[in-house]
Amino acid sequence: KMATENCDAMNMDPDADLLSDEELEREAEGFKEQGNAFYIKKDYAEAFNYYTKAIDMCPKNASYYGNRAATLMMLCRYREALEDSQQAVRLDNTFVKVKNTEAILEYERMAEIGFDKRDYRMVVFCMDRALDSAPACHKFKILKAECLALLGRYPEAQAVASDILRMDSTNADALYVRGLCLYYEDCIDKAVQFFVQALRMAPDHDKARLACRNAKALKAKKEEGNKAFKDGNFEAAYDLYSDALTIDPNNIKTNAKLYCNRATVGSKLNKLEQAIEDCTKAIKLDETYIKAYLRRAQCYMDTEQYEEAVRDYEKVYQTEHTKEHKHLLKNAQLELKKSKRKDYYKVLGVDKNATEDEIKKAYRKRALLHHPDRHSGASTEVQKEEEKKFKEVGEAFSVLSDPKKKSRYDSGQDLEDDGMNMGDFDANNIFKAFFGGPGGFSFEGKLCCDVFRIYSSLHI
């Protein structure tokens, strides 16, 4: 302990004038010791009272001001703590506690700026540093816990709040933080219970009131959207999910689900690109959200973006090894393989479920359209391009008109690997066989007129 100085009893009670300097010092030391006892018990209010009595007895003792400054820090009264620390330095320039107080005030200032800028990591850092010097400060603990919740570090935030509630079960700030964690974990009903309890303890708790209102509004809007979806009212469901997303941008888990729900509705409305975008937003909020990956993968399949679909299904299968996910991945890989071959259905301009008659009709149209004789007067480049297309049309027809070849093609098998060399056929022979007639086909004479009459009737 620092050496005591002569006590100034100028403003003391008249009865104290009868006490000698030595007696004043002894009584002041007694008050200080009582203050120390209460400080150890963390009864900072009583410790403050006894340190104040000691100062009243001996106002020139630096250690008394230092002890009271430490108590004021525990009570989060930092401005007053700084004043006591500065007074201690004036009385004894070797006194160093003032540095801690100044540092705490600076960390508090930086934390306020960080919170306003939504830089919650900075706030947590500042509060950790401040708590090194003021470990019992509930104000700092609550601010740290709130920012941990906003960062999605819910177990840590819950632990801090629970520690405070063990010492004070009526602490409204701690109850608010517990509710905030539950709210952000999408346990809205339980969260509301904590917010209501916090408001009972502190009716003017603005943050608890706002969070309670947001929680109720979010739950109601989400349920309205779910009902509209189940009723088949997709446009209304889309709008309701959109409204829900505007309520609280900080609620990461719930908003991820809302984006995924809106993506599901979007796919029903054939808004596939928007659905993909919503799934991407959901995944950005929650990288472990399997449902969003599955929804996006299906949208990629529907838009024939097979490489992207394979990537998402691989991510899902790596996370959850199920038969269903394995099947989805294999199917996407097959479609990707098929997409790298010639699309014979696209060459003929027919759907993949086209009937035999539809395939024949499509071939007739395309073969007449691209037959080399029809473009004999065109430039060399045009003739080569049309000849190429004519050959592709014949190749497509030779596969899709043959049930065996068509089956192998549809299943993703490589036809050339099965001994079916597509380079062996002659497109002209297929054309002749299809249109019939001895001596082949010509765009000259009467047959030319017949062909153009047929061609015109097909409205190509």
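Axes here are lines fitted to C-alpha atoms, for helices over the stretch in contact, and angles run from 0 to 180 degrees between N-to-C directions. Helices are DSSP runs (H or I, at least four residues), numbered from the N terminus.

**Ground rules.** I'm working from a predicted model, where local features need pLDDT of at least 70, side-chain atom pairs count only at pLDDT 80 or more, and totals for chains, interfaces and linings use all residues. Residues are numbered from 1 along each chain as its sequence is written, and side-chain values use heavy atoms, with hydrogens and water left out.

**Entry 1: α20 and α21.** I looked up how helix α20 (residues 380-400) meets helix α21 (residues 403-410): their axes are 6 Å apart, at an angle of about 100°. The two are therefore roughly perpendicular (the label covers 65 to 115 degrees; under 35 is roughly parallel, over 145 roughly antiparallel, and the rest oblique). For the contact (heavy atoms within 4.5 Å), I noted S398, V399 and L400 on α20, and K405, K406 and Y409 on α21. I sorted these residues into 3 nonpolar, 1 polar and 2 charged. In that sorting, Ala, Val, Leu, Ile, Met, Phe, Trp, Tyr, Cys and Pro are nonpolar, Asp, Glu, Lys and Arg are charged, and the others, Gly among them, are polar.

**Entry 2: α8 and α9.** Next I checked helix α8 (residues 154-167) against helix α9 (residues 172-184), whose axes come within 9 Å and cross at roughly 155°. That makes α8 roughly antiparallel to α9. Among the residues in contact I found Y154, A157 and L165 of α8, and A174, C181 and Y184 of α9. This contact divides into 11 nonpolar, 2 polar and 1 charged.

**Entry 3: aromatic rings.** My rule: rings of Phe, Tyr and Trp (its six-membered ring) pair if their centres lie within 6.5 Å; planes under 30 degrees apart are stacked, over 60 edge-to-face, and the rest tilted. The count comes to 12 aromatic pairs. One is F31 with Y50, tilted, at 6.3 Å centre to centre and 40° between the planes. F31 sits in helix α1 (residues 21-40) and Y50 in helix α2 (residues 44-57), 19 residues apart. F31 counts as buried at 17% relative accessibility (buried is under 20% relative accessible area, exposed over 50%, partly exposed in between; 1.4 Å probe, protein chains only). Y50 is buried as well, at 16%.

Y154 lies in α8 and Y184 in α9, so the pair ties together parts 30 residues apart in sequence. Y154 is buried at 7% relative accessibility, and Y184 is buried at 4%. I also noted that Y154, Y176, Y183, Y184 and F195 form one aromatic cluster.
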